[in-house]
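Please examine the protein shown below.

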Amino acid sequence: MKNPSTRIISIAGIAALVLLSSVPALAATTEWKIDPQHTAAQFSVRHLAISTVRGAFSKVNGTVLVDDQNLSKSAVNVTIDVSTVDTREPARDKDLRSDHFFDVEHFPTMTFKSTSVEQVSPGKLRVIGDLTIRGTTRQVALDVDGPTAPVKDPWGNQRAAVNATTKINRQDFGVKWNATMDNGGVVVGDDINITIDAEMIKQAPK
């Protein structure tokens, strides 16, 4: 016959196991930091309704928190330095930084913060989030390829990459300047195609 103390310990052990089995396992989350030196946010817009002007923002920062067990619980937070706009034409870039367009003096950054992540198919995600430009926030959807399988760089860092695309109407964000041509067309189109090529570095667990 077991002594009372042994019996109590056994009951306590069983109770602990039952309790632990009823608690869902904590999802493992991996933090990835965007590498600004190997990331660019690119855009294109129609000019005079006959050609396309392309440009990019070269300073992109942010983090991607990946839920390793459920990608839909992942999160994206990106900040872009608008002053780094580059269309390979200094006069045009100066105008883009002015209050005609981005008004960098009052709104030096644009941001994107995800609100949901959906895995559409293997290697393809749809990320919904709040995009803020010139102090105006609108919901946009990013179609994302990736993340790629991680690789180790020569310095021992784990790296992965994503490609994201979307289309916005600049008028929705208060970027309204335009001029009308003799034929009734406008100088700058409203639809902006955006492509983000981001390389990310895995961060050590905190």
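What percentage of the 206 residues in the protein is made up of buried residues? Buried residues make up 33% of them, where buried means under 20% relative accessible area, exposed over 50% and partly exposed in between (1.4 Å probe, protein chains only). The model is predicted, so local features need pLDDT of at least 70 and side-chain atom pairs count only at pLDDT 80 or more, while totals for chains, interfaces and linings use all residues. Residues are numbered from 1 along each chain as its sequence is written, and side-chain values use heavy atoms, with hydrogens and water left out.

**Fold.** The protein has two helices and twelve strands, taken as DSSP runs (helices H or I, at least four residues; strands E, at least two) numbered from the N terminus. Along the sequence the pattern reads α-β-β-β-β-β-β-α-β-β-β-β-β-β. Of the contacts (heavy atoms within 4.5 Å) with a separation of 6 or more, 54% are accounted for by residues 24 or more positions apart.

A nonpolar core is a set of buried Ala, Val, Leu, Ile, Met, Phe, Trp, Tyr and Cys residues joined through side-chain atoms within 4.5 Å. The largest one has 41 residues, and Phe57 and Phe102 are among those with the most contacts inside it. Strand 12 (residues 191–202) gives the most to this core, with five residues. Leaving aside neighbours within four places in sequence, Phe57 is in contact with residues including Phe102, Val82 and Met110.

Val82, Phe102 and Met110 also belong to the lining of the largest cavity, together with Phe107, Thr109, Ile133 and Arg134. A cavity is a set of points on a 1 Å grid over the protein atoms alone where a 1.4 Å probe fits but cannot get out, and lining residues have an atom within 4 Å of a point. About 40 Å³ of space lies in the largest cavity.

A polar atom of the Thr166 side chain lies 2.7 Å from the backbone oxygen of Ala141. Beyond four places in sequence, Thr166 is in contact with Val140, Ala141, Leu142, Ile192, Asn193 and Ile194. With the same exclusion, Gln139 touches Thr115, Ile128, Gly129 and Asp130. Gln139 and Ile128 are eleven residues apart in sequence, and their C-alpha atoms are 7.0 Å apart.

Terms used
Polar contact = N/O pair within 3.5 Å; in protein donor to acceptor, adjacent residues only side chain to side chain. 1 Å grid on protein atoms, 1.4 Å probe; cavity = no way out; pocket = protein on both sides within 12 Å on 5 of 7 lines; lining within 4 Å. Points joined across faces, edges and corners; volume = space filled by probe spheres on them.
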